[in-house]
Amino acid sequence: MRLIIGQVHRNVLALASSRSCFVIGDHLPFRMLSLPRASGFHQTAWRGSQTVEDSGSTLTLASLEVQSKADYVKKERVPQSKADYVKKERVPQSKTDYVKKERVPRTGGPKPSSRDSAFSAKPKKVSSLHLKPAKSALPKSPVVKKKLKIDEALFSASSFEELGLPPLLIDRLNKEGLTSPTEVQSASIPVISQRHDAVIQSYTGSGKTLAYLLPILSEIGPLKRAREQGNSEKRSGIEAVVVAPSRELGMQIVREVEKILGPDDKRLVQQLVGGANRSRQEEALKKNKPIIVVGTPGRISEISAAGKLQTHNCRFLVLDEVDQLLSFNYREDMHRILEHVGRKPSTSSSSHILGPLARRSERQTILVSATVPFSVIRAARSWGHDPVLVRAKSVVPLDSITVPRPMLSQGDPNSDSPTMSVNQAAVDSLPPSLEHYYCTTKAHHKVDTLRRCIHALEAETVIAFMNNTKPLKDVVFKLEARGMKAIELHGDLGKLARSTVLKKFKAGEFRVLVTNELSARGLDIPECDLVINLDLPTDSTHYAHRAGRTGRLGRKGTVVSICEESEAFIMRKMRKQLGVAIKPCEFTEGQITVHKEEDVE
Ligand SMILES: Nc1ncnc2c1ncn2[C@@H]1O[C@H](COP(=O)(O)OP(=O)(O)OP(=O)(O)O)[C@@H](O)[C@H]1O
């Protein structure tokens with residue numbers, strides 16, 4: 001049976017979403033959860049497993065130190081020239097309003113990020129890093145547990161005020177047109193503010209960057225929460241380190257921090273990305289005295305090793321796209337970062353005997369990705385104190401997470417085999433609003449199919465992925481020859497060329513960006529309405545990150561994989577692994593024709 005769809009954006013078939021629960025462990029609804037927590041956040045020993053205890057006390061906004069609106073106005077308000085900003089600024093909004101607003105593509109959507117991206121890093125093969133869970137040689141300290149329950153109300157927080165962000169920070173967010181938190185932000189902000197180590201997992205384009213930046217900027221820098229007198233921690237130097245696997249993602253995060261800090265304070269964030277001039281970065285560290293640095297593992301560890309980056313006072317360490325940062329390529333740099341950030345060099349004789357692990361860890365560790373394989377859970381357990389997994393509408397203590405049953409039959413649960421990583425990571429990493437299709441064609445007709453697909457779907461801003469760099473130019477040439485404006489982007493281009501390409505593409509000068517795996521993670525181009533796989537991604541984790549370049553923050557988006565007949569089984573396999581409908585289709589006479597699966601099997 002054949003079903004003809006006119007223009008996919010007008011007559012979109014509702015996909016039967018078979019999105020199932022994230023594979024790792026059982027998830028409790030937030031309201032059911034009791035979170036035991038070491039009262040001493042700065043526990044010296046890294047503890048092993050810990051049981052989840054139920055408690056009678058409910059974790060309310062107050063117990064999370066998130067005050068009610070009234071309290072908030074009373075206690076938090078600091079003398080400001082802009083009197084009564086609360087009255088002026090707060091526009092009561094329901095969550096539905098927010099969703100409605102965000103879903104209007106282009107014109108009515110959220111204020112697009114002003115973040116620029118510059119591409120540089122070469123794509124790195126992701127294989128898992130075997131960092132052994134650190135075992136402290138120190139005796140375990142007695143742990144006083146504070147039992148917490150989380151109020152479901154936090155999930156439906158419709159404003160940043162409800163989440164207890166400081167007034168100055170809310171003021172800045174409003175100025176940037178950000179008035180309502182996303183779901184993952186509502187879940188993460190209270191948890192991080194309560195000083196839990198956390199793994200944040202939520203689908204691509206759901207706002208994970210602000211989910212960790214906002215609670216951090218509530219604690220450090222000029223927008224931070226006013227503390228009661230005598231209760232202020234005196235800190236100096238760098239207080240937060242954010243690590244990202246690529247230069248482009250690093251720069252994007254820098255732009256996001258700059259946007260929140262505002263023009264007067266943007267020097268307080270310093271980029272330490274590879275490929276940029278290192279001595280200039282070192283000079284800026286000296287001159288600007290930043291409170292937060294964002295960079296790639298290599299450059300951060302390089303400058304740290306040279307003694308030009310002091311991070312022992314650091315309170316926050318964020319690993320964005322953590323599953324990629326755990327790959328073998330980053331092993332040494334990540335080891336250095338984890339060993340140094342937020343660790344006080346100790347002079348006591350015992351620590352000389354016991355080695356670096358005896359040094360006191362002061363930092364809060366936050367791991368972030370749309371795809372969280374079990375290796376990340378294991379790493380978080382070994383690096384953090386009572387870490388929790390935060391997702392939209394659920395928070396789970398990591399100690400309660402076990403390797404899921406199906407995984408056990410597929411191999412050694414302690415191995416980081418791709419199968420394991422894929423199965424655990426893929427589900428729930430995709431925005432629910434995406435439409436997925438695949439079509440088959442001969443290899444030499446792929447570009448023509450791509451062109452017909454773009455016309456049929458009336459897509460305006462298209463990212464086409466290939467697996468290698470070499471053929472990109474050829475595809476661009478063929479598209480241009482057929483009158484379609486296209487441009488290539490890959491790591492072999494110079495730094496300036498890469499940022500120019502992106503600027504032009506974002507400005508709408510080109511309809512198609514032809515690129516490789518380099519652009520699959522982090523790239524935020526809200527206007528992108530179509531992602532094409534001209535080469536199939538290597539696994540469903542890669543599929544998820546590529547697909548996530550479209551359909552960001554509730555917008556509509558379509559993903560089309562163009563493959564040869566002999567590869568169609570891979571798409572069917574990915575459909576199973578991802579738990580989403582990827583429908584076979586073809587493009588004829590300016591239309592998409594969607595087949596039912598029976599027709600092709
Ligand atoms: N509360 C908000 N209101 C409006 N826009 C927001 C909000 N939070 C984030 N955004 C915007 O949503 C877009 C996507 O956010 P972000 O890049 O943080 O997503 P992500 O979950 O990290 O995606 P990925 O997994 O692909 O890296 C950005 O343009 C960001 O500026």
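**Notes on the predicted model**

1. UniProt, in an unreviewed entry, places the feature "domain: Helicase C-terminal" at residues 449-593. The structure discussed here is a predicted model, and in it the end C-alpha atoms of residues 449-593 lie 13 Å apart, while the span is 36% helix and 23% strand.

2. The ligand is surrounded by 26 residues, of which the closest are S180, G205, K208, T209 and D524. Sorted by class, the shell around the ligand holds 7 nonpolar, 10 polar and 9 charged residues. At least three residues of this shell come from domain 2 (152-224 + 237-345 + 361-400), and at least three come from domain 3 (430-594).

3. A polar atom in the side chain of Q185 lies 2.8 Å from a nitrogen atom of the ligand, whereas R549 has a side-chain N or O atom at 3.0 Å from an oxygen atom of the ligand. In the case of G207 the backbone takes part, with an N or O atom that lies 3.2 Å from an oxygen atom of the ligand. Taken alone, the ligand exposes 640 Å², and the protein buries 98% of that area.

4. Which elements give two or more residues to the shell around the ligand? They are α6 (208-217) and α7 (247-261), and the largest share of the shell, 3 residues, comes from α6.

5. Turning to the backbone, E458 has a phi near 50°, which is a positive value in a residue other than glycine. Most residues other than glycine have a negative phi. E458 sits in the loop between α16 (446-457) and β13 (462-465). Is E458 to be classed as buried, partly exposed or exposed? E458 counts as partly exposed because its relative accessibility is 39%, and the class lies between the limits of 20% and 50%.

6. The place of L553 is in the loop between α19 (540-547) and β17 (557-563). With a relative accessibility of 21%, L553 also counts as partly exposed, and since buried means under 20%, L553 at 21% is not classed as buried.

Key: Residues are numbered from 1 along each chain as its sequence is written. This is a predicted model: local features need pLDDT of at least 70, side-chain atom pairs count only at pLDDT 80 or more; totals for chains, interfaces and linings use all residues. Side-chain values use heavy atoms; hydrogens and water are left out. A residue is near a molecule or strand if one of its heavy atoms lies within 4 Å of it. A polar contact is a pair of N or O atoms within 3.5 Å; within protein, one must be able to donate a hydrogen and the other to accept it, and residues adjacent in sequence count only if both atoms are side-chain atoms. Accessible areas come from the Shrake-Rupley method with a 1.4 Å probe; for residues, only the protein chains shown count as cover. Helices (H or I, at least four residues) and strands (E, at least two) are DSSP runs, numbered from the N terminus. Ala, Val, Leu, Ile, Met, Phe, Trp, Tyr, Cys and Pro count as nonpolar, Asp, Glu, Lys and Arg as charged, and the others, Gly among them, as polar. Domain bounds come from an automatic or database domain assignment. UniProt positions are given in the numbering used here, feature names are shortened, and annotations may be inferred rather than shown by experiment. Buried means under 20% relative accessible area, exposed over 50%, partly exposed in between (1.4 Å probe, protein chains only).
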